Each structure stands twice: as C-alpha cells, then as structure tokens.
Amino acid sequence: MSILFIEDEPKVATSLQKGLEENGFEVDLAPDGAVGRHMASQKAYDLILLDINLPFVNGYEVCRSIRSTNTEVPIIMVTARGTVDEKISGFDAGADDYMVKPFDFRELLARIRVFLKRGGGGKEMNEGLILRVADLELNTASQTASRQGMPIVLTAKEYALLEFLVRSNGRVVTRAEITE
Ligand code: CA
C-alpha cells in the first residue's frame with residue numbers, strides 16, 4: 001500500500017513516514033504543493049495525506065487538482081488549522097477526511113486503514129501484498145514466505161503467526177493479541 005504525504009515541515013514529514021513504514025506502508029514525501037501535485041499525477045497512490053499550508057500551491061488547490069483527474073484516491077487533509085470553515089473548505093475541495101495537528105498517530109493509522117479497507121481490499125486480494133522485513137519476504141496472496149529468495153516451508157498456522165508478527169513490525173505484541 002503506497003501513500004503520498006505532501007508536507008513542508010521536514011520533521012513532521014519524516015516522523016510520520018517512519019511510523020507509517022513501520023506499519024507496512026510505502027510512503028513517498030513531497031515537500032511542497034507543486035511537487036505533490038506532480039507526484040500524485042505520476043503514480044497510482046492508494047491514499048494521499050495532504051497538508052493545507054504548503055509552499056507554491058496550497059492544499060486546497062492540490063486537492064482540487066488531484067480530484068479533477070482522480071475521484072477515487074482517498075485524501076486525508078492533515079493540518080494545524082482546525083476551524084469549521086477550514087474543514088468545510090477541505091471537504092469542498094474534495095478531501096475525504098480531516099485531521100488536526102497535533103494528533104495521535106494511532107488515530108491517523110486507524111483512519112487510513114478504514115479507507116484502504118473500503119477501497120483497496122479487493123486489490124490486496126487480487127494482486128497480493130508483499131511484506132518485507134530485511135531479507136524476509138511474505139506474499140499475503142499465496143501465503144508463502146521466503147528468505148533471501150529461498151522458500152520457507154510453513155504450516156498455515158505458522159504462516160499466520162509470521163504474518164501477524166511481520167505486520168506488527170517493531171512493536172511488542174502480547175500473548176493475548178497473538179492468540180486472538
Ligand atoms: Ca505546512
């Protein structure tokens with residue numbers, strides 16, 4: 001699942017990118033509205049996170065521009081502004097959701113998952129999703145694992161456990177979560 005994050009504050013951009021990558025997403029960063037608009041037209045992203053106050057082209061303009069050619073991709077506006085007028089402007093420009101900074105990363109993650117389940121669930125089923133940790137690779141469509149390109153023979157339960165751990169990459173999981 002690939003996400004485009006259009007954000008001009010490098011610290012916010014890189015910390016969010018790191019968090020999302022730890023949760024299995026591929027994240028491209030765009031440092032301003034003009035670059036972001038261009039990148040959005042070049043690649044089929046699964047979701048776009050969009051700051052409003054951006055250099056060159058603001059988030060509303062970027063959103064309208066993306067929507068003129070792509071009505072499908074979920075767009076979540078992520079901004080320090082939080083008035084009702086600003087939110088309405090965001091939705092008018094074609095945004096699907098709105099998060100006010102500073103926000104809890106887990107909430108953003110939950111909202112992203114809602115959108116991706118809604119739109120991209122079928123895609124994961126058809127094309128499969130490759131999960132990677134270092135040289136370990138899992139294919140969620142064929143439910144197979146390999147390391148350095150060498151297949152690993154696993155039972156269904158072993159595979160399910162491995163996929164769960166890979167998806168929790170970097171996070172300590174409890175016995176209860178594993179059992180569930
Ligand atoms: Ca900004």
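User: How many helices and strands does the secondary structure of the chain come to?
Analyst: The predicted chain has 180 residues, of which 39% count as buried. Its C-alpha trace spans about 55 × 30 × 25 Å along the principal axes. The secondary structure comes to seven helices and nine strands.

User: What share of the contacts in the chain with a separation of 6 or more comes from residues 24 or more positions apart?
Analyst: The accessible surface of the chain is about 10600 Å², and 54% of this surface belongs to carbon and sulfur atoms. Among contacts with a separation of 6 or more, the share from residues 24 or more positions apart is 51%.

User: Which residue in β5 stands opposite Val78?
Analyst: Strands β4 and β5 pair in the parallel sense, and four bridges join them. Opposite Val78, the residue in β5 is Met99.

User: Within what arc do the buried residues of α2 fall, seen down its axis?
Analyst: The buried residues of α2 (residues 33–42) are Gly33, Gly36, Met39 and Ala40. They line one face of the helix, because their directions, seen down the axis of α2, fall within an arc of 125°.

User: Which exposed residues does α2 carry on the face turned away from its buried side?
Analyst: The buried residues of α2 pack against β1, β2 (26–30), β3 and α3. To count as exposed, a residue needs over 50% relative accessible area. On the face turned away from the buried side, the exposed residues are Ser41 and Gln42.

User: Why do the buried residues of α3 line one face of the helix?
Analyst: The buried residues of α3 are Gly59, Tyr60, Val62, Cys63, Ile66 and Arg67. An α-helix has 3.6 residues a turn, so residues three or four places apart point the same way. Seen down the axis of α3, the buried residues line one face because they fall within an arc of 160°.

User: Which elements are included in what covers the buried residues of α3?
Analyst: On the other side of α3, Ser68 and Thr69 are exposed. The cover of the buried residues includes β1, α2, β3, β4 (75–79) and α4 (84–92).

User: Which residues coordinate the calcium ion?
Analyst: In sequence, the donor residues are spaced D-x42-D-x1-N. Asp8 in the loop between β1 (2–6) and α1 (10–22) and Asn53 in the loop between β3 (47–50) and α3 (59–69) are 45 residues apart, and the pair links distant parts of the chain. At 2.1 to 2.4 Å, the ion is coordinated by Asp8 (OD), Asp51 (OD) and Asn53 (O).

User: Is Asp8 buried, partly exposed or exposed?
Analyst: A residue is buried under 20% relative accessible area and exposed over 50%. Asp8 has a relative accessible area of 28%, so Asp8 is partly exposed.

User: Which strands stand at the edges of the four-stranded open sheet?
Analyst: The order of this antiparallel sheet is β6-β7-β8-β9. One side of each edge strand is left without a neighbour in the sheet, because each has a single partner strand. The edge strands are β6 (130–133) and β9 (150–152).

User: Which residue is the bridge partner of Leu138 in β8?
Analyst: Strands β7 (residues 136–139) and β8 (residues 144–147) run antiparallel and are joined by four bridges. Helix α6 (residues 156–167) lies across β6, β7 and β8, at about 115° to β7. In β8, the bridge partner of Leu138 is Ala145.

User: With which residues is Ile130 in contact, leaving aside its neighbours within four places in sequence?
Analyst: Ile130 is found in strand β6 and counts as partly exposed at 34% relative accessibility. Its C-alpha atom is separated by 20 Å from that of Ile48, 82 residues apart along the chain. Leaving aside neighbours within four places, the contacts of Ile130 are Glu137, Leu138 and Asn139.

Key
Residues numbered from 1 in each chain as written. Predicted model: local features only at pLDDT ≥ 70, side-chain atom pairs only at ≥ 80, totals over all residues. Heavy atoms only, no water. Pairing = 2+ DSSP bridges. Helix = DSSP H or I, 4+ residues; strand = E, 2+ residues; numbered from the N terminus. Contact = heavy atoms within 4.5 Å. Axes fitted to C-alpha atoms, helices over the stretch in contact; angles between N-to-C directions. Donors = N, O, S within 2.8 Å, 3.2 Å for Na, K, Ca; no water. Buried < 20%, exposed > 50% of the residue type's maximum accessible area, 1.4 Å probe, protein only. Areas by Shrake-Rupley, 256 points an atom, 1.4 Å probe, with all protein chains shown as cover. Arc of directions from axis to C-beta.
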